[in-house]
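Here's a quick briefing for anyone meeting this structure for the first time. Have a look at the model, then read on.

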Amino acid sequence: METPLLLLDTVDGAVDHKGQPVLRSKSGGWRSAGFIICVEVAERFAYYGISSNLITYLTGPLGQSTATAAQNVNTWSGTASLLPLLGAFVADSFLGRYRTIVIASLIYIMGLGLLTLLSMLPSLNSSNCQDTSKFLSCSPPQPQVILFFCSLYLVALGQGGHKPCVQAFGADQFDGQNSEECKAKSSFFNWWYFSICAGCLVTLWIINYIQENLSWGLGFGLPCIAMIVALVIFLLGTKTYRYSIKEDEKSPFLRIGRVFVAVVWNWRTTPSAIAIEEEARGTLPHQSSEEFKFLNKALLAPDGSKEDGVVCSISEVEEAKAVLRLVPIWVTSLVYAVVFAQSSTFFTKQGATMDRTVVPGLDISAASLQSFISLSIVVFIPIYDRIFVPIARSCSRISSGITMLQRIGIGMLLSAASMVIAALVEIIRLKTAQEYGLVDLPNVTIPMSIWWLVPQYVLFGIADVFTMVGLQEFFYDQVPNELRSVGLGLYLSIFGVGSFLSSFLISAIEKATDVDGQDGWFANNLNRAHLDYFYWLLAGLSIINLAAYLYFAKSYIYNRKCTI
(Lines give C-alpha, C1' and ligand atoms only; values in the text may rest on other atoms or scores of the structure.)
Protein backbone atom coordinates (compact mmCIF):
# COMPACT_ATOMS: atom_id res chain seq x y z
CA MET A 1 0.00 0.00 0.00
CA GLU A 2 1.42 3.37 -1.03
CA THR A 3 1.81 6.12 1.57
CA PRO A 4 -0.52 9.06 0.78
CA LEU A 5 1.34 12.17 -0.26
CA LEU A 6 -0.35 14.09 2.53
CA LEU A 7 1.46 11.89 5.07
CA LEU A 8 4.83 12.46 3.46
CA ASP A 9 7.00 15.51 4.12
CA THR A 10 6.08 17.56 1.07
CA VAL A 11 7.05 21.20 0.49
CA ASP A 12 4.18 23.67 0.37
CA GLY A 13 4.07 25.90 -2.70
CA ALA A 14 6.50 23.76 -4.74
CA VAL A 15 6.27 20.92 -7.26
CA ASP A 16 8.76 18.72 -9.10
CA HIS A 17 9.62 18.87 -12.81
CA LYS A 18 6.47 16.87 -13.62
CA GLY A 19 4.19 19.20 -11.68
CA GLN A 20 3.67 16.72 -8.83
CA PRO A 21 3.96 17.51 -5.09
CA VAL A 22 7.63 17.48 -4.21
CA LEU A 23 9.18 15.54 -1.32
CA ARG A 24 11.55 17.45 0.96
CA SER A 25 14.01 14.56 1.26
CA LYS A 26 14.34 14.05 -2.50
CA SER A 27 14.50 17.61 -3.76
CA GLY A 28 15.94 21.03 -3.20
CA GLY A 29 18.37 21.92 -0.44
CA TRP A 30 22.12 22.12 -0.94
CA ARG A 31 22.12 19.30 -3.51
CA SER A 32 20.04 21.30 -5.98
CA ALA A 33 21.63 24.60 -4.94
CA GLY A 34 25.04 23.06 -5.70
CA PHE A 35 24.10 22.68 -9.38
CA ILE A 36 22.89 26.28 -9.49
CA ILE A 37 25.96 27.70 -7.72
CA CYS A 38 28.22 25.90 -10.23
CA VAL A 39 26.18 27.49 -13.01
CA GLU A 40 26.68 30.94 -11.50
CA VAL A 41 30.45 30.46 -11.17
CA ALA A 42 30.63 29.64 -14.89
CA GLU A 43 28.33 32.55 -15.80
CA ARG A 44 30.35 35.09 -13.80
CA PHE A 45 33.53 33.70 -15.33
CA ALA A 46 31.97 34.36 -18.74
CA TYR A 47 30.60 37.82 -17.90
CA TYR A 48 33.78 39.15 -16.30
CA GLY A 49 35.76 37.56 -19.13
CA ILE A 50 34.07 40.14 -21.35
CA SER A 51 33.54 43.13 -19.05
CA SER A 52 36.81 43.26 -17.10
CA ASN A 53 38.99 43.91 -20.14
CA LEU A 54 36.47 45.34 -22.60
CA ILE A 55 38.03 48.81 -22.63
CA THR A 56 41.36 47.31 -23.71
CA TYR A 57 39.70 45.58 -26.66
CA LEU A 58 37.82 48.71 -27.71
CA THR A 59 40.95 50.88 -27.64
CA GLY A 60 43.06 48.13 -29.25
CA PRO A 61 41.55 45.97 -32.01
CA LEU A 62 38.53 48.26 -32.44
CA GLY A 63 40.70 51.40 -32.58
CA GLN A 64 38.48 53.63 -30.42
CA SER A 65 39.73 56.58 -28.40
CA THR A 66 39.95 56.16 -24.64
CA ALA A 67 37.06 58.58 -24.03
CA THR A 68 34.78 56.87 -26.56
CA ALA A 69 35.69 53.43 -25.27
CA ALA A 70 35.03 54.46 -21.64
CA GLN A 71 31.65 55.88 -22.63
CA ASN A 72 30.75 52.68 -24.48
CA VAL A 73 31.82 50.52 -21.53
CA ASN A 74 29.80 52.60 -19.05
CA THR A 75 26.72 52.51 -21.29
CA TRP A 76 26.99 48.76 -21.80
CA SER A 77 27.64 48.10 -18.10
CA GLY A 78 24.71 50.27 -17.00
CA THR A 79 22.41 48.61 -19.54
CA ALA A 80 23.55 45.15 -18.42
CA SER A 81 22.69 46.08 -14.82
CA LEU A 82 19.21 47.36 -15.71
CA LEU A 83 18.16 44.56 -18.11
CA PRO A 84 17.62 42.10 -15.22
CA LEU A 85 14.44 44.05 -14.47
CA LEU A 86 13.13 43.01 -17.91
CA GLY A 87 14.31 39.43 -17.47
CA ALA A 88 12.70 39.23 -14.04
CA PHE A 89 9.41 40.63 -15.38
CA VAL A 90 9.30 38.01 -18.14
CA ALA A 91 10.12 35.22 -15.67
CA ASP A 92 7.63 36.22 -12.98
CA SER A 93 4.78 37.07 -15.36
CA PHE A 94 5.09 34.59 -18.23
CA LEU A 95 7.80 31.94 -18.56
CA GLY A 96 8.80 31.05 -15.01
CA ARG A 97 12.39 31.06 -13.76
CA TYR A 98 13.51 27.70 -15.15
CA ARG A 99 12.45 28.39 -18.76
CA THR A 100 13.78 31.95 -18.61
CA ILE A 101 17.20 30.67 -17.47
CA VAL A 102 17.38 28.18 -20.35
CA ILE A 103 16.34 30.73 -22.99
CA ALA A 104 18.60 33.43 -21.56
CA SER A 105 21.54 30.97 -21.55
CA LEU A 106 21.02 30.26 -25.25
CA ILE A 107 20.97 34.02 -26.00
CA TYR A 108 24.10 34.42 -23.86
CA ILE A 109 25.90 31.64 -25.76
CA MET A 110 24.84 33.14 -29.10
CA GLY A 111 26.28 36.53 -28.14
CA LEU A 112 29.54 35.06 -26.83
CA GLY A 113 29.92 32.84 -29.90
CA LEU A 114 29.46 35.82 -32.22
CA LEU A 115 31.98 37.85 -30.21
CA THR A 116 34.49 35.03 -30.53
CA LEU A 117 34.03 34.73 -34.30
CA LEU A 118 34.30 38.50 -34.82
CA SER A 119 37.46 38.74 -32.72
CA MET A 120 39.10 36.11 -34.92
CA LEU A 121 38.49 38.03 -38.17
CA PRO A 122 41.75 39.40 -39.66
CA SER A 123 40.51 43.02 -39.67
CA LEU A 124 39.85 42.78 -35.91
CA ASN A 125 43.07 40.98 -35.13
CA SER A 126 45.88 42.89 -36.79
CA SER A 127 49.12 43.36 -34.94
CA ASN A 128 49.00 47.11 -35.51
CA CYS A 129 45.68 47.37 -33.72
CA GLN A 130 46.88 45.27 -30.84
CA ASP A 131 49.76 47.71 -30.30
CA THR A 132 48.12 50.75 -28.79
CA SER A 133 51.41 52.64 -28.85
CA LYS A 134 51.21 52.99 -32.64
CA PHE A 135 49.14 55.93 -33.74
CA LEU A 136 47.60 54.20 -36.73
CA SER A 137 44.08 54.24 -37.98
CA CYS A 138 43.17 50.60 -37.59
CA SER A 139 39.42 50.78 -37.14
CA PRO A 140 37.70 47.78 -38.75
CA PRO A 141 34.90 48.11 -41.32
CA GLN A 142 31.73 49.67 -39.93
CA PRO A 143 29.54 46.54 -40.47
CA GLN A 144 31.91 44.55 -38.29
CA VAL A 145 31.79 47.19 -35.56
CA ILE A 146 27.97 47.12 -35.67
CA LEU A 147 27.98 43.33 -35.44
CA PHE A 148 30.42 43.50 -32.53
CA PHE A 149 28.14 45.79 -30.53
CA CYS A 150 25.08 43.72 -31.46
CA SER A 151 26.80 40.63 -30.07
CA LEU A 152 27.91 42.60 -26.99
CA TYR A 153 24.34 43.66 -26.25
CA LEU A 154 23.16 40.09 -26.88
CA VAL A 155 25.45 39.13 -24.00
CA ALA A 156 23.87 41.89 -21.88
CA LEU A 157 20.37 40.66 -22.81
CA GLY A 158 21.25 37.08 -21.95
CA GLN A 159 22.78 38.18 -18.66
CA GLY A 160 19.63 40.21 -17.95
CA GLY A 161 17.46 37.10 -18.11
CA HIS A 162 19.98 34.81 -16.46
CA LYS A 163 21.21 36.82 -13.48
CA PRO A 164 18.05 37.50 -11.39
CA CYS A 165 16.39 34.19 -12.19
CA VAL A 166 19.30 31.90 -11.34
CA GLN A 167 19.77 33.43 -7.90
CA ALA A 168 16.02 33.45 -7.15
CA PHE A 169 15.73 29.87 -8.42
CA GLY A 170 18.64 28.84 -6.19
CA ALA A 171 17.04 30.42 -3.11
CA ASP A 172 13.74 28.70 -4.03
CA GLN A 173 15.43 25.38 -3.24
CA PHE A 174 15.15 26.20 0.47
CA ASP A 175 11.81 26.30 2.27
CA GLY A 176 11.56 29.49 4.33
CA GLN A 177 8.83 27.88 6.49
CA ASN A 178 11.21 25.17 7.71
CA SER A 179 13.55 26.34 10.49
CA GLU A 180 16.59 24.37 9.30
CA GLU A 181 16.14 25.29 5.64
CA CYS A 182 15.57 28.91 6.63
CA LYS A 183 19.05 28.97 8.21
CA ALA A 184 20.47 27.29 5.10
CA LYS A 185 18.83 29.90 2.87
CA SER A 186 20.67 32.72 4.66
CA SER A 187 23.94 30.79 4.23
CA PHE A 188 23.08 30.25 0.57
CA PHE A 189 23.35 34.00 -0.13
CA ASN A 190 26.78 34.06 1.55
CA TRP A 191 28.16 31.15 -0.44
CA TRP A 192 26.51 32.44 -3.59
CA TYR A 193 28.52 35.64 -3.40
CA PHE A 194 31.61 33.66 -2.41
CA SER A 195 31.24 31.66 -5.66
CA ILE A 196 30.76 34.80 -7.76
CA CYS A 197 34.00 36.26 -6.42
CA ALA A 198 35.87 32.99 -6.94
CA GLY A 199 34.82 33.06 -10.61
CA CYS A 200 35.87 36.71 -10.84
CA LEU A 201 39.31 35.90 -9.38
CA VAL A 202 39.94 33.24 -12.02
CA THR A 203 38.93 35.70 -14.72
CA LEU A 204 41.22 38.48 -13.47
CA TRP A 205 44.18 36.15 -13.16
CA ILE A 206 43.80 33.95 -16.25
CA ILE A 207 41.42 35.27 -18.93
CA ASN A 208 42.82 38.81 -18.95
CA TYR A 209 46.34 37.41 -19.41
CA ILE A 210 45.18 35.23 -22.31
CA GLN A 211 43.39 38.13 -23.98
CA GLU A 212 46.33 40.54 -23.77
CA ASN A 213 49.20 38.12 -24.38
CA LEU A 214 47.86 35.20 -26.42
CA SER A 215 44.64 35.72 -28.37
CA TRP A 216 41.41 37.68 -28.11
CA GLY A 217 39.64 34.85 -29.92
CA LEU A 218 40.70 32.38 -27.24
CA GLY A 219 40.01 34.97 -24.53
CA PHE A 220 36.40 35.36 -25.72
CA GLY A 221 36.04 31.69 -26.68
CA LEU A 222 36.70 30.34 -23.18
CA PRO A 223 33.79 32.35 -21.67
CA CYS A 224 31.57 30.96 -24.45
CA ILE A 225 32.63 27.41 -23.57
CA ALA A 226 32.02 28.21 -19.87
CA MET A 227 28.42 29.22 -20.62
CA ILE A 228 27.81 26.02 -22.61
CA VAL A 229 29.12 24.01 -19.65
CA ALA A 230 26.90 26.09 -17.32
CA LEU A 231 23.79 25.26 -19.35
CA VAL A 232 24.62 21.54 -19.37
CA ILE A 233 25.16 21.54 -15.57
CA PHE A 234 21.87 23.38 -15.06
CA LEU A 235 19.94 20.87 -17.17
CA LEU A 236 21.51 17.94 -15.29
CA GLY A 237 19.85 19.13 -12.09
CA THR A 238 16.36 19.39 -13.62
CA LYS A 239 14.91 16.37 -11.75
CA THR A 240 16.19 17.56 -8.36
CA TYR A 241 14.84 21.13 -8.43
CA ARG A 242 11.83 22.52 -6.63
CA TYR A 243 9.61 24.64 -8.88
CA SER A 244 7.42 27.35 -7.39
CA ILE A 245 3.73 26.93 -8.10
CA LYS A 246 2.40 29.68 -10.35
CA GLU A 247 -1.08 30.51 -9.14
CA ASP A 248 -3.84 30.86 -11.70
CA GLU A 249 -4.48 34.48 -10.82
CA LYS A 250 -3.83 37.84 -12.35
CA SER A 251 -0.21 38.80 -12.90
CA PRO A 252 1.27 40.26 -9.70
CA PHE A 253 2.17 43.35 -11.73
CA LEU A 254 -1.47 43.80 -12.68
CA ARG A 255 -2.64 43.27 -9.10
CA ILE A 256 -0.21 45.82 -7.68
CA GLY A 257 -0.76 48.28 -10.53
CA ARG A 258 -4.50 47.99 -9.99
CA VAL A 259 -4.07 49.16 -6.38
CA PHE A 260 -2.23 52.33 -7.38
CA VAL A 261 -4.78 53.08 -10.10
CA ALA A 262 -7.60 52.68 -7.58
CA VAL A 263 -5.83 55.03 -5.15
CA VAL A 264 -5.59 57.69 -7.87
CA TRP A 265 -9.31 57.33 -8.66
CA ASN A 266 -10.18 57.54 -4.96
CA TRP A 267 -7.87 60.42 -4.06
CA ARG A 268 -10.81 62.43 -2.69
CA THR A 269 -11.93 59.63 -0.36
CA THR A 270 -12.11 60.76 3.29
CA PRO A 271 -10.29 58.93 6.12
CA SER A 272 -13.63 58.23 7.79
CA ALA A 273 -14.86 56.33 4.72
CA ILE A 274 -11.70 54.24 4.73
CA ALA A 275 -12.05 53.56 8.47
CA ILE A 276 -15.64 52.37 7.98
CA GLU A 277 -14.54 50.03 5.20
CA GLU A 278 -11.64 48.67 7.29
CA GLU A 279 -14.01 48.01 10.19
CA ALA A 280 -16.48 46.28 7.88
CA ARG A 281 -13.76 44.00 6.54
CA GLY A 282 -12.24 43.27 9.95
CA THR A 283 -8.76 43.95 11.27
CA LEU A 284 -6.12 44.12 8.59
CA PRO A 285 -3.83 41.09 8.81
CA HIS A 286 -0.44 42.65 9.49
CA GLN A 287 1.13 45.42 11.50
CA SER A 288 2.58 46.86 8.29
CA SER A 289 -0.94 47.98 7.41
CA GLU A 290 -0.30 51.03 9.58
CA GLU A 291 2.22 52.18 6.96
CA PHE A 292 1.15 53.85 3.70
CA LYS A 293 -2.46 54.01 4.87
CA PHE A 294 -3.31 56.10 1.80
CA LEU A 295 -3.19 52.83 -0.17
CA ASN A 296 -6.22 51.65 1.81
CA LYS A 297 -8.23 53.92 -0.47
CA ALA A 298 -8.03 51.08 -2.98
CA LEU A 299 -10.41 49.09 -0.72
CA LEU A 300 -13.23 51.33 -1.96
CA ALA A 301 -14.68 51.49 -5.46
CA PRO A 302 -14.53 54.91 -7.18
CA ASP A 303 -18.31 55.32 -7.02
CA GLY A 304 -18.70 53.79 -3.58
CA SER A 305 -19.98 50.47 -4.96
CA LYS A 306 -18.51 47.11 -3.98
CA GLU A 307 -18.91 45.09 -7.16
CA ASP A 308 -16.63 42.10 -7.65
CA GLY A 309 -13.61 42.96 -9.76
CA VAL A 310 -13.89 46.65 -8.94
CA VAL A 311 -12.67 46.78 -5.34
CA CYS A 312 -9.12 45.71 -4.49
CA SER A 313 -8.72 43.00 -1.87
CA ILE A 314 -6.82 43.41 1.39
CA SER A 315 -4.09 41.03 0.16
CA GLU A 316 -3.62 43.11 -3.00
CA VAL A 317 -3.25 46.28 -0.93
CA GLU A 318 -0.72 44.55 1.33
CA GLU A 319 1.29 43.42 -1.71
CA ALA A 320 1.44 47.02 -2.96
CA LYS A 321 2.58 48.19 0.48
CA ALA A 322 5.31 45.53 0.56
CA VAL A 323 6.71 46.80 -2.74
CA LEU A 324 6.42 50.48 -1.74
CA ARG A 325 8.32 49.84 1.51
CA LEU A 326 11.35 48.79 -0.57
CA VAL A 327 11.65 52.20 -2.25
CA PRO A 328 13.43 54.08 0.60
CA ILE A 329 15.96 51.23 0.99
CA TRP A 330 16.55 51.17 -2.79
CA VAL A 331 17.09 54.94 -2.94
CA THR A 332 19.40 55.07 0.07
CA SER A 333 21.54 52.28 -1.44
CA LEU A 334 22.42 54.36 -4.51
CA VAL A 335 25.31 56.24 -2.88
CA TYR A 336 26.87 52.89 -1.99
CA ALA A 337 26.59 51.96 -5.68
CA VAL A 338 28.31 55.23 -6.69
CA VAL A 339 31.20 54.43 -4.33
CA PHE A 340 31.28 50.86 -5.66
CA ALA A 341 31.88 52.18 -9.19
CA GLN A 342 35.20 53.81 -8.17
CA SER A 343 37.15 50.59 -7.55
CA SER A 344 37.58 49.87 -11.26
CA THR A 345 38.23 53.47 -12.34
CA PHE A 346 40.04 55.98 -10.13
CA PHE A 347 41.58 53.38 -7.82
CA THR A 348 43.21 51.89 -10.91
CA LYS A 349 44.40 55.29 -12.16
CA GLN A 350 45.99 55.95 -8.76
CA GLY A 351 47.87 52.66 -8.93
CA ALA A 352 49.13 53.34 -12.44
CA THR A 353 51.23 56.27 -11.16
CA MET A 354 52.83 54.32 -8.30
CA ASP A 355 55.71 51.85 -7.94
CA ARG A 356 54.24 48.50 -9.00
CA THR A 357 57.33 46.37 -8.45
CA VAL A 358 56.68 43.05 -6.71
CA VAL A 359 60.24 41.75 -7.02
CA PRO A 360 63.01 43.20 -9.18
CA GLY A 361 62.05 42.63 -12.81
CA LEU A 362 58.38 41.83 -12.07
CA ASP A 363 55.71 44.54 -12.07
CA ILE A 364 51.98 44.02 -11.56
CA SER A 365 49.30 45.88 -13.44
CA ALA A 366 47.30 48.47 -11.52
CA ALA A 367 44.04 46.78 -12.55
CA SER A 368 45.11 43.49 -10.96
CA LEU A 369 44.73 45.05 -7.50
CA GLN A 370 40.97 44.69 -8.03
CA SER A 371 41.54 41.03 -7.24
CA PHE A 372 42.09 42.03 -3.60
CA ILE A 373 38.38 42.89 -3.40
CA SER A 374 37.42 39.40 -4.52
CA LEU A 375 40.18 37.81 -2.45
CA SER A 376 39.06 39.56 0.74
CA ILE A 377 35.48 38.43 0.05
CA VAL A 378 36.58 34.82 -0.52
CA VAL A 379 38.52 34.91 2.77
CA PHE A 380 35.95 36.78 4.88
CA ILE A 381 32.70 35.03 3.87
CA PRO A 382 33.65 31.70 5.54
CA ILE A 383 34.65 33.67 8.67
CA TYR A 384 31.34 35.53 8.58
CA ASP A 385 29.22 32.42 7.94
CA ARG A 386 30.99 29.99 10.29
CA ILE A 387 32.13 32.25 13.15
CA PHE A 388 30.32 35.60 13.19
CA VAL A 389 26.80 34.31 12.42
CA PRO A 390 26.73 31.53 15.11
CA ILE A 391 27.98 33.98 17.76
CA ALA A 392 25.48 36.67 16.73
CA ARG A 393 22.71 34.05 16.47
CA SER A 394 23.21 32.98 20.09
CA CYS A 395 22.67 36.58 21.20
CA SER A 396 19.93 37.77 18.82
CA ARG A 397 17.95 34.51 18.35
CA ILE A 398 17.77 35.43 14.65
CA SER A 399 18.74 32.60 12.28
CA SER A 400 20.98 34.88 10.20
CA GLY A 401 22.71 36.36 13.27
CA ILE A 402 21.79 39.96 12.47
CA THR A 403 18.92 41.34 10.44
CA MET A 404 19.32 42.02 6.74
CA LEU A 405 19.08 45.79 7.22
CA GLN A 406 21.66 45.75 10.01
CA ARG A 407 23.99 43.86 7.69
CA ILE A 408 23.50 46.36 4.87
CA GLY A 409 24.11 49.30 7.23
CA ILE A 410 27.40 47.87 8.52
CA GLY A 411 28.64 47.53 4.93
CA MET A 412 27.67 51.13 4.16
CA LEU A 413 29.72 52.31 7.16
CA LEU A 414 32.74 50.28 5.99
CA SER A 415 32.29 51.71 2.49
CA ALA A 416 32.50 55.26 3.88
CA ALA A 417 35.64 54.23 5.82
CA SER A 418 37.22 52.92 2.61
CA MET A 419 36.70 56.35 1.01
CA VAL A 420 38.38 58.04 3.98
CA ILE A 421 41.37 55.70 3.65
CA ALA A 422 41.48 56.30 -0.13
CA ALA A 423 41.54 60.09 0.45
CA LEU A 424 44.34 59.84 3.02
CA VAL A 425 46.44 57.62 0.73
CA GLU A 426 45.89 60.04 -2.16
CA ILE A 427 47.07 62.96 0.02
CA ILE A 428 50.26 61.02 0.78
CA ARG A 429 50.71 60.22 -2.91
CA LEU A 430 50.37 63.89 -3.91
CA LYS A 431 52.83 64.99 -1.19
CA THR A 432 55.32 62.36 -2.36
CA ALA A 433 55.05 63.67 -5.92
CA GLN A 434 55.74 67.21 -4.66
CA GLU A 435 58.69 66.16 -2.49
CA TYR A 436 60.39 64.44 -5.43
CA GLY A 437 59.60 67.21 -7.94
CA LEU A 438 57.34 64.98 -10.04
CA VAL A 439 54.24 67.17 -10.15
CA ASP A 440 54.72 68.04 -13.82
CA LEU A 441 56.09 64.61 -14.78
CA PRO A 442 52.94 62.46 -14.90
CA ASN A 443 54.64 59.63 -16.80
CA VAL A 444 57.34 59.15 -14.18
CA THR A 445 56.65 56.56 -11.49
CA ILE A 446 56.15 58.04 -8.02
CA PRO A 447 58.47 56.35 -5.48
CA MET A 448 55.54 55.09 -3.40
CA SER A 449 54.55 51.41 -3.35
CA ILE A 450 51.24 50.40 -4.90
CA TRP A 451 50.67 48.24 -1.82
CA TRP A 452 49.50 51.43 -0.05
CA LEU A 453 46.24 50.93 -1.98
CA VAL A 454 45.59 47.42 -0.66
CA PRO A 455 43.76 48.49 2.59
CA GLN A 456 41.09 50.43 0.66
CA TYR A 457 40.55 47.46 -1.67
CA VAL A 458 40.33 45.00 1.23
CA LEU A 459 37.90 47.20 3.17
CA PHE A 460 35.86 47.52 -0.02
CA GLY A 461 35.64 43.72 -0.22
CA ILE A 462 34.58 43.32 3.42
CA ALA A 463 31.94 46.03 2.89
CA ASP A 464 30.61 44.00 -0.04
CA VAL A 465 30.24 40.92 2.19
CA PHE A 466 27.84 42.91 4.35
CA THR A 467 26.02 45.21 1.94
CA MET A 468 26.01 43.34 -1.37
CA VAL A 469 24.95 40.01 0.13
CA GLY A 470 22.53 41.77 2.47
CA LEU A 471 20.86 43.58 -0.43
CA GLN A 472 20.53 40.33 -2.38
CA GLU A 473 18.83 38.56 0.51
CA PHE A 474 16.67 41.57 1.37
CA PHE A 475 15.26 42.17 -2.11
CA TYR A 476 14.62 38.44 -2.56
CA ASP A 477 12.96 37.91 0.81
CA GLN A 478 10.84 41.05 1.22
CA VAL A 479 8.92 41.06 -2.07
CA PRO A 480 5.79 38.95 -2.67
CA ASN A 481 6.67 35.33 -3.52
CA GLU A 482 5.69 35.72 -7.16
CA LEU A 483 7.97 38.74 -7.61
CA ARG A 484 11.24 37.37 -6.27
CA SER A 485 13.03 37.53 -9.62
CA VAL A 486 11.89 41.15 -9.89
CA GLY A 487 13.19 41.73 -6.37
CA LEU A 488 16.67 40.62 -7.39
CA GLY A 489 16.31 42.67 -10.56
CA LEU A 490 15.68 45.71 -8.35
CA TYR A 491 18.84 44.89 -6.39
CA LEU A 492 20.90 44.73 -9.59
CA SER A 493 19.33 47.95 -10.87
CA ILE A 494 20.82 49.79 -7.87
CA PHE A 495 24.27 49.31 -9.40
CA GLY A 496 23.11 50.13 -12.91
CA VAL A 497 21.64 53.44 -11.77
CA GLY A 498 24.67 53.96 -9.51
CA SER A 499 26.97 53.61 -12.51
CA PHE A 500 25.04 56.28 -14.41
CA LEU A 501 24.95 58.54 -11.33
CA SER A 502 28.71 58.17 -10.93
CA SER A 503 29.25 59.25 -14.54
CA PHE A 504 26.92 62.23 -14.06
CA LEU A 505 28.64 63.27 -10.81
CA ILE A 506 32.10 63.08 -12.39
CA SER A 507 30.93 65.07 -15.42
CA ALA A 508 29.35 67.78 -13.25
CA ILE A 509 32.44 68.11 -11.03
CA GLU A 510 34.72 68.23 -14.06
CA LYS A 511 32.74 71.11 -15.56
CA ALA A 512 32.64 72.96 -12.24
CA THR A 513 36.35 72.62 -11.40
CA ASP A 514 38.07 72.69 -14.78
CA VAL A 515 37.62 76.43 -15.48
CA ASP A 516 39.86 79.38 -16.36
CA GLY A 517 42.76 77.11 -17.25
CA GLN A 518 42.93 75.61 -13.76
CA ASP A 519 43.40 71.89 -13.28
CA GLY A 520 40.18 70.20 -12.24
CA TRP A 521 39.72 67.39 -9.76
CA PHE A 522 40.13 64.86 -12.58
CA ALA A 523 42.97 66.42 -14.59
CA ASN A 524 44.80 64.05 -16.93
CA ASN A 525 47.93 64.74 -14.88
CA LEU A 526 46.90 63.02 -11.63
CA ASN A 527 49.74 64.76 -9.82
CA ARG A 528 47.85 68.04 -10.31
CA ALA A 529 44.38 66.54 -9.92
CA HIS A 530 42.51 66.23 -6.63
CA LEU A 531 41.08 62.75 -6.37
CA ASP A 532 41.39 63.24 -2.61
CA TYR A 533 38.71 65.95 -2.76
CA PHE A 534 36.44 63.56 -4.67
CA TYR A 535 37.01 60.78 -2.15
CA TRP A 536 36.24 63.15 0.75
CA LEU A 537 33.05 64.18 -1.05
CA LEU A 538 32.00 60.53 -1.46
CA ALA A 539 32.85 59.83 2.19
CA GLY A 540 30.66 62.78 3.26
CA LEU A 541 27.80 61.71 0.99
CA SER A 542 28.11 58.17 2.35
CA ILE A 543 27.75 59.36 5.96
CA ILE A 544 24.75 61.57 5.12
CA ASN A 545 23.22 58.70 3.15
CA LEU A 546 23.86 56.28 6.04
CA ALA A 547 21.95 58.58 8.39
CA ALA A 548 18.98 58.61 5.98
CA TYR A 549 19.24 54.83 5.57
CA LEU A 550 19.19 54.27 9.34
CA TYR A 551 16.09 56.45 9.64
CA PHE A 552 14.15 54.30 7.16
CA ALA A 553 15.66 51.00 8.33
CA LYS A 554 14.68 51.68 11.95
CA SER A 555 10.99 51.94 11.05
CA TYR A 556 10.99 49.09 8.53
CA ILE A 557 8.69 46.16 9.33
CA TYR A 558 9.74 42.83 7.86
CA ASN A 559 7.26 40.72 5.91
CA ARG A 560 8.85 37.56 7.29
CA LYS A 561 11.74 36.89 9.63
CA CYS A 562 13.49 33.61 10.46
CA THR A 563 14.00 33.05 14.18
CA ILE A 564 15.31 30.16 16.23
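K321 is buried, and E318 is buried too. Their side chains come together in a salt bridge, with N and O 4.0 Å apart. This is a predicted model, so treat what follows as a tour of a prediction.

**Salt bridges**

- K321 and E318 both sit in helix α11, and because they are 3 residues apart there, about one helical turn separates them.
- In total, the count of salt bridges comes to 12.
- R258 pairs up with E316 in another salt bridge, where the closest N and O atoms are 2.8 Å apart.
- Are R258 and E316 buried or exposed? R258 is buried, and E316 is as well.
- R24 and D175 also meet through their side chains, forming a salt bridge at 3.2 Å from N to O.

**Strands**

- Strand β1 (residues 10-15) and strand β2 (residues 21-23) run antiparallel, and 2 bridges join them.
- One spot to look at is T10, whose bridge partner in β2 is L23.
- β1 and β2 make a hairpin, with 5 residues between the two strands.
- In the turn of that hairpin, G19 has a positive phi of about 85 degrees.
- β1 is also joined by 2 bridges to strand β3 (residues 243-244), and this pairing is antiparallel as well.
- On the β3 side, S244 is the bridge partner of A14.

**A buried glutamate, E43**

- You'll find E43 in helix α1, which covers residues 29-51.
- How much relative accessible area does E43 have? The figure is 0%, which means that E43 counts as buried, since the cut-off for buried is under 20%.
- The side chain of E43 makes a polar contact with the side chain of R44, at 2.7 Å.
- Setting aside neighbours within four places in sequence, E43 is in contact with Y108, Q159, H162 and M227.

**A nonpolar patch on the surface**

- Now for the outside: V202, W205, I206, L375, V379, I383, I387 and I391 form a nonpolar patch on the surface.
- Together, these patch residues have about 710 Å² of accessible area.
- Two helices, α7 (179-213) and α15 (371-396), each supply at least two residues of the patch.
- Which helix gives the largest share of the nonpolar patch? That is α15, with 5 residues.
- W205, one of the patch residues, is found in helix α7.

Methods. Residues numbered from 1 in each chain as written. Predicted model: local features only at pLDDT ≥ 70, side-chain atom pairs only at ≥ 80, totals over all residues. Heavy atoms only, no water. Helix = DSSP H or I, 4+ residues; strand = E, 2+ residues; numbered from the N terminus. Buried < 20%, exposed > 50% of the residue type's maximum accessible area, 1.4 Å probe, protein only. Polar contact = N/O pair within 3.5 Å; in protein donor to acceptor, adjacent residues only side chain to side chain. Contact = heavy atoms within 4.5 Å. Patch = residues over 30% accessible without salt bridge, like charges linked within 9 Å, V, L, I, M, F, W, Y side chains within 5 Å. Areas by Shrake-Rupley, 256 points an atom, 1.4 Å probe, with all protein chains shown as cover. Pairing = 2+ DSSP bridges.
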